[in-house]
Each structure stands twice: as C-alpha cells, then as structure tokens.
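Subject: A structure for you to look at

Hi there,

Here is the structure I promised to pass on. Have a look at it first, and then read my notes below.

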Amino acid sequence: ASFIAGDKSKNINGFHSYILKATRNAQNIAYLENLTGLVFSDQYKKLGISTSRTYHRGPSIEIHSLRIHNRISPDGNLQNQIIMTLAQRSNVLIKEGKDGPTFHPFTPGKTKHKEDTMVFRGGCTLIFDLDDLSLKHAISKPIFNPCDIKPGRKRILILNQDRLKMQHRCMFGDLVDKMGFAPTNRHSTEPFAFIHKAKTPII
C-alpha cells in the first residue's frame with residue numbers, strides 16, 4: 001500500500017506521486033506514454049479516463065499486480081526482478097450506425113447518456129531488475145493509438161480504435177461465444193471478473 005499511495009507520516013512517496021512529479025515535464029510525459037501505452041497528460045480527461053481518487057488530480061491508474069520474481073538466467077546467474085502490471089480504463093459511448101458501431105469517450109457523472117456504454121481498457125507490464133535498478137522490459141496494450149500521433153509540437157492522443165473494436169466484438173459482438181469474456185449485462189464494468197476475483201487498487 002505504501003508503494004502505491006505512499007505514507008506521509010513516514011515521508012514515503014508512492015508510485016503515483018513519483019509519476020505526478022515526473023509528468024511535470026512534457027518530454028517525460030511523452031516518454032512514459034510511449035513506454036507504457038497509458039495516458040499521463042491532461043488529455044486523459046477527453047479520453048474518458050477518470051481522475052485519480054487519491055490525489056484528485058492526474059489520471060487514474062490501476063495496479064493489477066506487483067510481485068517479486070527470482071529466476072536463474074541462461075548464464076546461471078540469479079536474477080531478482082519486480083513485475084508490475086498497470087491498467088487504465090476509458091468510458092466509451094457506443095453509437096450504432098449503418099457501417100457498424102462507433103465509439104466516443106465521455107466523462108461519467110457529468111452528463112446522462114441514452115446510448116449504450118462500455119469500459120475500454122489499456123495496460124502495461126513492467127519488469128524491473130532489482131540488482132541494478134533498471135527497467136528491463138515493457139509490454140503494453142496501448143489505450144491510445146501510437147500510430148495516430150502526428151509529428152509536431154502539439155501531441156494529440158486518440159483512443160486505440162482497433163483494440164476498442166476488438167474488445168467490443170469480444171464482449172458484445174460476434175466473438176462473444178468464442179472468447180467467453182461476455183459480461184453478465186451490457187453495462188457491466190468488470191467483464192473479466194469471472195477470471196480475476198481479487199480487488200484491484202485504483203489510484
């Protein structure tokens with residue numbers, strides 16, 4: 001818990017606190033977003049991502065898992081690692097059209113919508129080496145589309161439409177029976193709750 005949110009009484013900064021400090025610089029923001037596929041800039045608001053419940057500023061991040069992993073490398077040396085899994089949620093409106101559904105991010109609570117909604121997810125697994133305190137691997141499923149970032153001074157993010165459409169097909173469309181990830185109802189926000197029963201810290 002101290003690693004995630006910190007402990008002010010012990011002068012311990014949490015993970016989210018470090019992220020907020022790092023993202024005061026635009027170059028750091030771009031680096032973190034490119035590395036993880038998650039949104040750390042103020043653009044999170046227009047992508048349907050909630051504000052942090054702990055700090056009441058900055059994007060909300062879910063810590064799905066944090067574990068120590070020790071293994072023997074191919075050269076016979078012991079490797080000490082920390083594996084961290086992060087995720088973000090985007091609230092999306094589903095509008096049916098002649099050419100199929102279209103998806104539009106929205107901020108929950110501000111307005112009421114008659115259209116169907118879903119929660120779109122992006123995530124990243126980070127593997128750190130405890131011996132030299134370096135990041136070894138970053139495996140991401142981006143919540144935004146890296147290919148749609150145009151070169152120039154203004155960095156604009158949009159939701160990853162290809163992944164969004166695939167998630168919609170798996171939850172509500174033609175892949176429901178094949179994937180088996182359909183929620184109990186169309187408005188469920190936890191389609192994978194049948195597999196993962198543990199609570200997820202949200203910051």
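A disulfide here is a pair of cysteine sulfur atoms within 2.5 Å. By that criterion, the structure holds zero disulfides. Please keep in mind that this is a predicted model, in which local features need pLDDT of at least 70, side-chain atom pairs count only at pLDDT 80 or more, and totals for chains, interfaces and linings use all residues. Residues are numbered from 1 along each chain as its sequence is written, and side-chain values use heavy atoms, with hydrogens and water left out.

The overall picture

The protein chain has five helices and seven strands (DSSP runs numbered from the N terminus: H or I of at least four residues for helices, E of at least two for strands). Along the sequence they follow the pattern α-β-β-α-α-β-β-β-β-β-α-α. Of its 203 residues, 37% are buried, where buried means under 20% relative accessible area, exposed over 50%, and partly exposed in between, using a 1.4 Å probe and protein chains only. Contacts are heavy atoms within 4.5 Å; among those in the protein chain with a separation of 6 or more, 52% join residues 24 or more positions apart.

Helix 3

Which residues of helix 3 are buried? In this helix, residues 26-36, they are Ile29, Ala30, Leu32, Glu33 and Thr36. They lie on the same side of helix 3 because they cover an arc of only 165 degrees around the axis, the arc being that of the directions from the helix axis to the C-beta atoms. Exposed Gln27, Tyr31 and Asn34 sit on the face turned away from that buried side. Just after the helix, glycine 37 takes a positive phi of about 80 degrees.

Helix 4

Helix 4 (residues 161-172) has twelve residues and reaches 16 Å from its first C-alpha to its last, close to the 16 Å expected at 1.5 Å a residue; the expected span is 1.5 Å times one less than the number of residues. Its buried residues are Leu164, Gln167, His168, Cys170, Met171 and Phe172. These cover an arc of only 165 degrees around the axis, so they are on the same side of helix 4. They pack against strand 4 (78-97), strand 5 (100-105), strand 6 (116-129) and helix 5 (176-179).

Cysteine 170 is buried, with a relative accessible area of 12%. Cysteine 124 is buried too, at 2%.

Enjoy exploring it!

Best wishes
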